[in-house]
Amino acid sequence: SIPTNHKKMANYDQEDNNRSKKRGVRAKGRGHNASMDIDERENGRGGIYDSVDGNGSGPIKSVEGWILFVRGVHEEAQEDDILDKFSEYGDVRNINVNLDRHTGFVKGYALVEFEEYDQAAEALEKVNGSEILGQNVSVDWAFIKDDHKGRRR
């Protein structure tokens with residue numbers, strides 16, 4: 001014999017299934033609101049995305065500021081070494097130097113953030129190809145808008 005509460009649950013599921021079949025929609029999963037129509041869901045902000053203004057390619061400002069990606073950083077470099085090199089060109093807001101968990105040394109790259117575009121652009125131009133702790137580094141924008149979406153280089 002099936003307990004009473006299981007019979008009630010089975011009846012509820014059957015009624016919900018019948019309502020869905022009448023509408024021609026069968027929805028499963030958490031968060032499904034059977035009373036909400038598809039048109040009602042799509043009238044909200046769903047499917048509307050912010051776009052990047054302007055045409056062409058070039059650097060993009062992150063939420064925080066203008067971020068430079070520095071490659072070829074010496075494994076024993078510290079944030080102060082990078083800060084000394086980049087602070088000549090403006091106020092550095094933030095520096096991220098990621099360390100290897102096993103060795104404790106720098107992974108070979110760093111992210112340097114400037115608030116102003118002009119400062120970041122000058123730092124990119126002057127530091128790119130220069131040395132930090134005797135090792136040449138290359139500097140580029142961390143975020144770049146690309147015209148050629150979908151094309152491989």
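Arg93 is partly exposed, with a relative accessible area of 41%. Keep in mind as you look at it that this is a predicted model. Arg93 has a salt-bridge partner in Glu113, and the closest N and O atoms of the two are 3.6 Å apart. Arg93 sits in strand β3 and Glu113 in strand β4, so their pairing ties together parts of the chain that are 20 residues apart in sequence.

Glu113 counts as buried, because its relative accessibility is 8% and the cut-off for buried is under 20%. What does Glu113 touch, leaving aside residues up to four places away in sequence? Its contacts are Glu64, Gly65, Trp66, Ile67, Asp91, Val92, Arg93 and Asn94.

How many salt bridges does the structure hold? There are 2.

An open sheet is built from 4 strands in the order β3-β4-β2-β7, with antiparallel pairing. The edges are taken by β3 and β7 (138-141), each with a single partner strand, so one side of each has no neighbour in the sheet. On average, neighbouring strands here are turned by 20 degrees against each other, ignoring direction. Zoom in on β3 and β4 and you'll find them paired in the antiparallel sense over 6 bridges. Along this pair, Leu99 stands opposite Val106 in β4.

Helices pack on the sheet as well. α3 touches β2 (66-71), β3, β4 and β7, and its direction makes about 145 degrees with that of β3. α4 also packs on the sheet, touching β2, β4 and β7, and its direction makes about 150 degrees with that of β7.

One last stop is Glu88, in the loop between α3 (79-86) and β3 (92-99). Is Glu88 buried or exposed? It is exposed, with a relative accessible area of 57%. Glu88 and Gln119 are 31 residues apart in sequence, while their C-alpha atoms are 9.4 Å apart in space.

Key:
Residues numbered from 1 in each chain as written. Predicted model: local features only at pLDDT ≥ 70, side-chain atom pairs only at ≥ 80, totals over all residues. Heavy atoms only, no water. Buried < 20%, exposed > 50% of the residue type's maximum accessible area, 1.4 Å probe, protein only. Contact = heavy atoms within 4.5 Å. Helix = DSSP H or I, 4+ residues; strand = E, 2+ residues; numbered from the N terminus. Salt bridge = Lys/Arg side-chain N within 4 Å of Asp/Glu carboxyl O. Pairing = 2+ DSSP bridges. Axes fitted to C-alpha atoms, helices over the stretch in contact; angles between N-to-C directions.
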